Amino acid sequence: MLLDEGVDFNAFYDRRALNFFHGTAGGRTVFSGESPDVVCHEEGHAVLDALRPELFDAGTIEAAAFHESFGDMSALLAALQLPSMRAAIIADTQGDLTRSSRLSRLAEQLGWGIRQTRPSAVDPDCLRNAVNSFFYTNPEALPSRAPAASLSSEPHSFSRVFTAAFLEALAGGFRLSSANPGEADLQAVSLDFGRLLVAGILAAPIVPEYMSQVAAAIVAADAEAEGATQGKYGDVLKSAFVRHGILSQQSAVGIASFRATGVAVAPRTAGMAAGPGRELPHVALSAAEYGLGDRPLLVRAPSQPRRFAVAAAAFGVGSVTPSNSEHAARAFVEDLMERGHIDIGGAGQPGVRIVHPHTFKTHRLVSSPEGLMLTRILFDCGFRAIS
Ligand SMILES: [Zn+2]
């Protein structure tokens, strides 16, 4: 844990440490490492990296966005381990955790700091609010940047869809606890949801529509849980994932019938055949298109075997058809390039290639005999305004 690495409204995880910074705005200095939300978010990146290391380099927008969501969900669940916080949240929301509260408002202080110079980059009252009404759409069809009020394919922005569904499901689970649930019930529900989340992550294959697979795996984990909690949260989970479009209605209905018939769920061993722990295979894209020379651009494709026959909801009727893994990898690369997040080093010809001299780099190109490998340096935590 590196508590103050210099001047920036930032924090990041780079597989060596959790890195924190400080920044000054409006006459006040904000240290990112002072925020429990930010610290738990960074720690969340490290925990997810231990659970599914293949996600670190996965070339897909949804996997990167899920990493951010997991950071925020970690902050939510960690906050709920404090008795005083549980009591305060229940009092503030009158027991309705779907209301905006100190629980849902992540990183209020850093959000304030960033708002002083980039008012549209963050929510009006925090960095990101887990109480929101964003509805899933394939992120490949979204712009690579947008103000905080809109959804974009930028991972922190898109992460809000999953985080919101998770908090709504947790709020529903809390209401199920008893007629008048209290802070001990809230802790019990938070522990159940932590376990379900981890079980879902371990079972879900890394594919372009990763969020739908994780959602289905969480619902399945609840249905398969041992003991008194078996199936307890099925309704609130499906409801929340459907309300945010992460599961289409047909998919949510289908999860129950998979269990009844045993079809449409590949065996766990098939889902895990490419991982966890094993690197995803490279797909070769054209580097010339991006002015990076004639050698192929190698990106790790989200191509594990699908385990659950589920998909997200289309805006009109039915489900979204998922992208193939090569298309997902291409969309991921173009997004990173548009935002200037790839350190291209010496690749490509000066005057032809696009260099973004003043942007924060999360990835770099590593030369190998086969081509240029897109490699992640770190998970930037979005506290740094793009310069
Ligand atoms: Zn992050």
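The model is predicted, and every value below was computed from its atoms. The zinc ion is held by H41, H45, E68 and C381, and R128 is in contact with two of the residues named there, H41 and C381.

**The zinc site**

- For comparison, the ideal angle for four tetrahedral donors at a metal is 109.5 degrees.
- H45 is buried because its relative accessible area is 0%, and C381 also counts as buried, at 0% relative accessibility.

- R128 is found in strand β6, which consists of residues 128-129, and at 6% relative accessibility R128 counts as buried, since buried means under 20%.
- The side chain of R128 makes a polar contact with the side chain of D72 at 2.7 Å.
- Beyond its neighbours within four places in sequence, R128 is in contact with residues including D72, S104, R105, D123, H156 and R160, as well as with H41 and C381.
- By contrast, R128 and A328 are 200 residues apart in sequence and 25 Å apart in space, taken from C-alpha to C-alpha.

**D14 in its loop**

- D14 lies in the loop between strand β1 (11-13) and strand β2 (18-20), and its relative accessible area of 10% makes D14 buried.
- The side chain of D14 reaches the backbone nitrogen of R16 at 3.0 Å, and it reaches the backbone nitrogen of A17 at 3.0 Å.
- When residues up to four places away in sequence are not counted, D14 touches N19, I377 and L378.

**Strands β9, β10 and β11**

- Strand β9 (residues 342-343) pairs with strand β10 (residues 363-368) in the parallel sense over 2 bridges, and I342 stands opposite H363 in β10.
- Strand β10 is also joined by 6 bridges to strand β11 (residues 371-376), and these strands run antiparallel.
- R364 has T375 in β11 as its bridge partner, and a hairpin of 2 residues connects β10 to β11.

**The nonpolar cores**

- The largest nonpolar core contains 65 residues, and F66, F162 and F241 touch the most other members of this core.
- Several helices give two or more residues to this core, among them α2 (61-79), α5 (155-177), α6 (183-203) and α8 (234-243).
- F66 is in contact with L48, M73, F162, L197, I201, Y210, M211 and V214, leaving aside its neighbours within four places in sequence.
- A second, separate core has 22 residues and includes A64, L285, A287 and L374.
- In soluble globular proteins, nonpolar side chains tend to be buried together.

Terms used:
Residues numbered from 1 in each chain as written. Predicted model: local features only at pLDDT ≥ 70, side-chain atom pairs only at ≥ 80, totals over all residues. Heavy atoms only, no water. Donors = N, O, S within 2.8 Å, 3.2 Å for Na, K, Ca; no water. Buried < 20%, exposed > 50% of the residue type's maximum accessible area, 1.4 Å probe, protein only. Helix = DSSP H or I, 4+ residues; strand = E, 2+ residues; numbered from the N terminus. Polar contact = N/O pair within 3.5 Å; in protein donor to acceptor, adjacent residues only side chain to side chain. Contact = heavy atoms within 4.5 Å. Pairing = 2+ DSSP bridges. Core = buried A, V, L, I, M, F, W, Y, C linked by side-chain atoms within 4.5 Å.
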